[in-house]
Amino acid sequence: MKVEHVSNSFFLCDPSFTFIEVVYHSALQGAAPSNHYVRRKHVDFRLPPFLEEQTKATAAMAKLIWFCLKCILLCSTIEAVFEDQVGKFDWRQQYIGKVRFSHFDTHVQSSKKVLLATENNVFASINTRTGELFWRHVDMTGPEGNIDALLQHGQDAVLVVGDGRQLRSWDINIGGLNWEIVLDSGSFQSACLVGYQDTVKHVAVLKKTVISLHYLSNGHQKWIENLPESETVDFQAVYSGGNGEVYVLGVVPHSHIAIVAYSLDDGEIIKQISVEAPWLSNIQASCVVIGQGMLTCVDSAAVSLYTLDLHVQSQMTQIPLQSLGLEATPGFQPVLVSTQPNPARPPLSEFFLQLGPEHHLLLQLNSGQIVTLRDFKPAMLVSFATPGEKTVAAVMSPKNKTACSLNLFSAESGRRLLDTTLIFNLDPNGGKPEKLYVQAFLKKDDSVGYRAMVQTEDHTLTFIQQPGRVMWTREEALSDVVTMEMVDLPLTGTQAELEGEFGKKADGLLSMLLKRLSSQLILLQAWIAHLWKLFYDARKPRSLVKNDVTIENLSRDEFNLQKMMVMVTASGKLFGIDSKTGTILWRHYLDNIPSNAAFKLMVQRTTAHFPHPPQCTLLIKDKDTGLATLHVFNPIFGKKSHVTPPALLQPMLQSLMLPIMDQEYAKVLLLVDDQYKVSAFPSTKNVLQQLQEMASSIFFYLVDSNQGKLSGYRLRTDLSTELIWEIVMPTEVQRIVSVKGKRPNEHVHSQGRVMGDRSVLYKYLNPNLLAVVTESTDLHPERSFIGILLIDGVTGRIIHEAVQRKTRGPVHVVHSENWVVYEYWSTKSRRNEFSVIELYEGMELYNSTVFSSLDRPHAPQVLQQSYIFPSSISTMEATLTEKGITSRHLLIGLPSGGILSLPKMFLDPRRPEIMSEQSREENLIPYAPELLIRSEWFINYNQTVSRVRGIYTAPSGLESTCLVVAYGLDIYQTRVYPSKQFDVLKDDYDYMLISSVLFALFFATMISKRLAEVKLLNRAWR
Amino acid sequence: MASPGGQGGGAVSTRGGGGGARRMKWALELSLGNSRSRADRQGGQGDVVYPIGYSEKPVPDTSIQETDKNLVEKRCWDVALGPLKQIPMNLFIMYMSGNTISIFPIMMVCMMAWRPIQALMSMSATFKLLESSSQQWLQGLVYLVGNLLGSALAIYKCQSMGLLPTHSSDWLAFIGPPQRMEIMGGGMVL
């Protein structure tokens, strides 16, 4: 995609052209079927021709004035971080994702690096002592950046990226790129390092139809050969044993194995054989090469091993497992694990055979015979490691319910090495171990020492040292946050105690007095303990005094700036993170989460209702079956709540949080099932009674994008529903991409806007308004369009509709107050554009006390304007403050990793093309089609946030301050002040000066008063 | 001890005071009987020497009384018309100070508004002043109208400066958010 470059000067010097032209058509061009009863309004965006000459002197003058005006206006809104504020309110955590390949850097003794390639297309090096990143490379998302293979040799790490599209070599010390070459197209199968005479100089890449050999030093291709019979044979593996030959192994499923041997020097086919193997379907899953080129396969159907010497034989030898005295777990596909410590030498003749989930065997191929060296049962994970010459095998076996033990065994003999036991404690809130990576090294006395990196099901990486000390843990699940909420922290224990006292019901004077006295006593006790702690800490050196945040000492600060971030990740692990420091305070792994689950997190009870604990509910829905479960937990401590959620037997469609509360101050959650029946949680008698009373005013809407249907329902008193409106979008023309309502906790302070003549333009603040975005199914640049519909969710009335032609998604929408801002790609002008819609009631309010969607006779006035934005965007959100007095900013996550805070006043459809006295009075910025990105607007200065997927905003106790969390691959938390910190004294406020001046004045007054008295007295005596 | 000014205007003595005059070696007397001691003595003797132009008969002085009354009237009108006379000046100041809200225009507007109010508050005192006038009521009315005009002018100035809450926007902050009648929620089918 090439972006047409638009010169700035043109727009600057010609402010008089019309940017938006609204054209009305009766129907979409031949595309709208008759049942589509929505009248369409097309908004065409037209810019004047580019080459129109505008070379008047006045134009230059206008340009200059324009520019000056712009500068003045922009200067007034500058905000940036001072150098000494860096890291004071903000923090960033960098993640890499679930590990796919891992290599310990072994070429240098006492190296501290581990190389990791992950499923999030990240290649990183981590410090094994601290768990911090040395460097990290983030590739493209999706299959284009997918890391297919990671090979390491010496200082170089070779990556195959994007289904064999690219071959890259990285220097692992500094993370720099050595070279990169683009490979021929073709789907990637396998890659291996090729060594010859103890040196490794080449890497072989096998694709569906070709094999190519590249130099490790510069990536140049040595030779490339087409594979014979590649139409019928599925070539899957490549192997080299260091003897100058490269073997390519292919299979014709359920027929035979094809083996082709190439000469290392010129790529000539040395040998081509095919061996009968009717039981084999996949080489990579069931075969390994061991020893001197012995292909060993396992067949679960015949419960036997097959061996084949690649050099000589043309017939597979079957070795039934029973002949070895072994038995496979029924239904388990046995797995073979081998190791090739040096690519220039053949693999070891020892290998692991996994026969069951917890059953491993160490086998050895000894002169054509397979010998069992050791039987490991139970053993969950095994791994080979080669420190120096000898290879060792690490085996993890369960010890008890909460711990596993790791032991090292000699690979040659299967004997246990002494003093190599390592205890790995399982986290009760974590998953089971999934992968084991072992870093073995030789100690000074030639004994083997090791450290292990364990990856668990919840994507946690734990690095452990003997005898079981955890060196670090990385919660890689946080690289994939799905949804989050911020919850206020509770008051301190003592405050809560007092509050609890007043919260309880009075039962007699004496008991009240006693209660008061006891709580005062507790306060006194806490105060003394605090003093004692201060005294105790003061004696210790400062470095030892830690003020770590733990769950025990969590408390709300004065301005409620510190909150608990509850994060839900795709792996099903929940986290509670302190927003001030980024410390993970609790974690909870929900197992049995389906891989395509949809999550919805709701706060049912906040911390404001002491002594009732706060309560969050997570709705987890399996998209395949439609069945959903509820997980109810305490967001401060992460513990599962005692409240038992209802069992949801029917497939769920949506949930709806009502502002009504039960007797224990928990908000009522309505769950809508596929029969459009509603169940309430909690469903006490009181709640049901309240629901019956309010049923006629409870509405909900459902959007089914597969059927292109929007429907609105009303609740009946018997908790069934009735359909009251329905809008159908023909799915063959367009599909519904997103639906945005307003945030329930949003406050709008001002009900209108003051005009230049000091009259009021009242905002159309419909709390039930929905912004529905549709995209055309036709993606041709000339015919594609996006549509935006503003629908009243209660009545289904279409308030406004616009179609923008020659535009394409992805569309990012923010809907707040009385405005909707959306961003899209204009295929006509090939650029990103922002459009803003604002709704106004007019100069008079229809009803200033009550808003009812059912009683709205007048349609709102709609204003719209569009702008050019110089970058594509990843996500967008609006700031949110406690009372809504502070002006709003849009927080825009850019693909470059910046988070831009764009003042909403730049996206204002009332920006005039020609400045008048009144618009100047209103402080409107003259319209300019281009929105500029100013570097001061980046709230994350140099703290790049990779792949921002979402931005969450929460109000703080200070009206000026909004808390922001951006999540994606990284997590970044900061505060923004859209109208600057009008309610806070500056950091550099000179308390000393002010107080000393005050004191000086006070004393001066006292002294002069005394002097005056003395003088008066003297005069009286004279 | 000093001689009254009206009488001793012509007397020149090096050192005032009868007691002191005796000690002097010499004294020049320009007018007769101007020294107090001598005048006392002369008074005592009944030998009166009148100053030039003095007549013992009282002279009727009606003309002076008439002008006095005119003067009082004039003075009263001055008082009554005072506020009205200030209006052109105020207008000029208003024009000069402009409509921007800064310290000086605000001070001027405050002065302009405060003065008529003050005057209206001390109306009774003014009436007392005007008591002697025959056209007391008319003058009082004119005074009142003048002050009212002055304050109207101040209000007009406030209005033009935008200090009066006369627009709907001035009451915007008091409009609370409307109450929601319906509860609505939902979303995409999960």
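**Close-up views of a predicted two-chain model**

**View 1. A buried salt bridge between Glu838(A) and Lys904(A).** Both Glu838(A) and Lys904(A) are buried, where buried means under 20% relative accessible area, exposed means over 50%, and partly exposed covers the range in between, with a 1.4 Å probe and protein chains only. Their side chains meet in a salt bridge at 2.7 Å, N to O, the term standing for a side-chain nitrogen of Lys or Arg within 4 Å of a carboxyl oxygen of Asp or Glu. The pair links distant parts of the chain, 66 residues apart, with Glu838(A) in strand E57 (residues 831–842) and Lys904(A) in the loop between strand E62 (899–903) and helix H7 (917–921) of chain A. Helices (H or I, at least four residues) and strands (E, at least two) are DSSP runs, numbered from the N terminus. This is a predicted model, in which local features need pLDDT of at least 70 and side-chain atom pairs count only at pLDDT 80 or more, whereas totals for chains, interfaces and linings use all residues. Residues are numbered from 1 along each chain as its sequence is written, chains are lettered from A and ligands numbered from 1 in the order in which they are written, and side-chain values use heavy atoms, with hydrogens and water left out.

**View 2. Further salt bridges within chain A.** Arg910(A) forms a salt bridge with Glu922(A), the closest N and O atoms being 2.4 Å apart. Since Arg910(A) lies in the loop between E62 and H7 and Glu922(A) in the loop between H7 and strand E63 (950–955) of chain A, the pair ties together parts that are 12 residues apart in sequence, and both Arg910(A) and Glu922(A) are buried. Arg831(A) and Glu833(A) form another salt bridge, their closest N and O atoms lying 2.9 Å apart; here Arg831(A) is buried at a relative accessible area of 5%, and Glu833(A) is buried at 2%. A network of salt bridges links Asp458(A), Glu475(A), Lys573(A) and Arg587(A). Over all chains, the structure holds 30 salt bridges.

**View 3. The interface between chain A and chain B.** The contact (heavy atoms within 4.5 Å) takes 46 residues from chain A and 23 residues from chain B. The two chains bury about 3100 Å² between them, 61% of it on carbon and sulfur atoms, buried area being the accessible area (1.4 Å probe) that two parts lose on being put together, summed over both. In chain A, Tyr701(A), Gln751(A) and Arg758(A) lose the most area to chain B, together 21% of what that side buries. The count between the chains is 1 salt bridge, and the side chains of Asp170(B) and Arg758(A) meet in a salt bridge at 3.0 Å, N to O. On the side of chain A that touches chain B, the largest share, 7 residues, comes from E46(A).

View 4. Most residues other than glycine have a negative phi, and most peptide bonds are trans. A cis peptide bond joins Gln466(A) and Pro467(A), with omega about 0°, and Pro467(A) lies in the loop between strand E34 (460–465) and strand E35 (469–475). Another cis peptide bond joins Phe681(A) and Pro682(A), with omega about -5°, and Pro682(A) has its place in the loop between strand E45 (678–681) and helix H6 (685–694). Asp163(A), although not a glycine, has a positive phi of about 50°; this residue is found in the loop between strand E9 (156–161) and strand E10 (166–171) and counts as partly exposed at 39% relative accessibility. Lys806(A), also not a glycine, has a positive phi of about 55°, sits in the loop between strand E54 (798–805) and strand E55 (807–816), and counts as partly exposed at 27% relative accessibility.

**View 5. Chain B.** Chain B has 6 helices and 2 strands, which follow the pattern α-α-α-α-α-α-β-β along the sequence. Of its 190 residues, 22% count as buried.
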